[in-house]
Amino acid sequence: MKKIISILLAAIMLFSLTACSGGDKKASGNGDEKYVIRIGTTTEPDGHYIKGLEQFKEKVAEYTDGRVEVRLYPSSQLGNERDLIEGVSVGTVEGALISSAPLSTFSQDFLLFDLPFVITDIEAAYEFMDGEYGQEILASLEPIGIKALGFWENGFRHVTNNTRPIEKPEDVKGLKIRTMESPIHIASFEELGSIPTPMAWGEVFTALQQGTIDGQENPLMIIETNKLWEAGQKYISLTGHFYSPAIFILNKNLFDSYPEDIKEAILKAEEEARQWEREYSQELDKELIQVLIDNGVEVTEVNKDEWIEALKPVYDRFENEINQEHLKALLENQ
Ligand code: EAX
């Protein structure tokens, strides 16, 4: 029910926003078109996505002499990640920055990034993502009307819970863990003997508070900006079991309709903001364990080899769905 209400609210909000802004294009007095790009995220206003998008907004304004105005909508204001993908696909919202996992039900090419421990060396993974294979994966969204510009950083994901310190893979057994809506993430937590509970991010804080779920997994930046300890998440384990790239997406028809100079300015601004956001996120990630400790969260280090071993069967389960050429290239590059 809550989900229906939030979808309705998002729809009403989108409708009124479109009505106020007069769509994405408006003519100015001197004949130069002006463009509005609204970008939705599920993350908090002080989070790494929005910090990076603020860079994008400034750079685009600078490179287009103010002809493109970017408006940012954090905290699931325009809907959850699935709503955002659908919205960008049909053009009811111009853009979004979202984790890659929910995209895997729209294009199987994205499943690759959901595999446990598939990314261990981030610099090498950036090379893969910015290179030919990464571009091929981004282009796989074009048939559904999405122009994906680049791989930004969400980060390495760690498990938190309200019950006990988790050190060994078997410590997760029996716990209800919220996952993103990715078949591989769900299968991975099944493999560990937990009860995976897929859910949109916007519903997680309340579900933790109410005890509908015992735990969740996310990068430190998401855990910290959402203050999950206030929802009873007393334990964090530095598992780093998945890496989430964040994908910057725009409506393709809209992007294609822009004059060449506007397109170039957007691509340049996106590339620069992406590099900025990756560096910002990596620096921040290093500082946040202390912030969690200061807020009473108990931090557990794990032996990653045990987790890699425990999650190996997931690779076999998804062998036919994963693009093996991409997988080989990604692993060889690291
Ligand atoms: O993309 O849903 C999640 O756990 C994501 O990490 C979050 O929405 C940011």
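1. Which helix and which strand each supply at least two residues of the lining of the largest cavity? They are helix 3 (81-90) and strand 5 (146-161). Helices (H or I, at least four residues) and strands (E, at least two) are DSSP runs numbered from the N terminus.

2. Some ground rules: this is a predicted model, where local features need pLDDT of at least 70, side-chain atom pairs count only at pLDDT 80 or more, and totals for chains, interfaces and linings use all residues. Residues are numbered from 1 along each chain as its sequence is written, and side-chain values use heavy atoms, with hydrogens and water left out.

3. Back to the largest cavity: about 200 Å³ of space lies in it. A cavity is a set of points, on a 1 Å grid over the protein atoms alone, where a 1.4 Å probe fits but cannot get out; a pocket is an open set with protein on both sides within 12 Å along at least five of seven lines; lining residues have an atom within 4 Å of a point. Volume is the space filled by probe spheres set on the points, joined across faces, edges and corners. Of the 18 lining residues of the largest cavity, T42, E81, R178, M180 and W201 lie nearest its centre.

4. Strand 5 turns up again in the second largest pocket, where strand 5, helix 8 (220-225) and helix 10 (260-294) each give at least two lining residues. Helix 10 gives the largest share, five residues. This pocket has a volume of about 260 Å³, and F156, H158, Q282, D285 and K286 are the closest to its centre among 13 lining residues.
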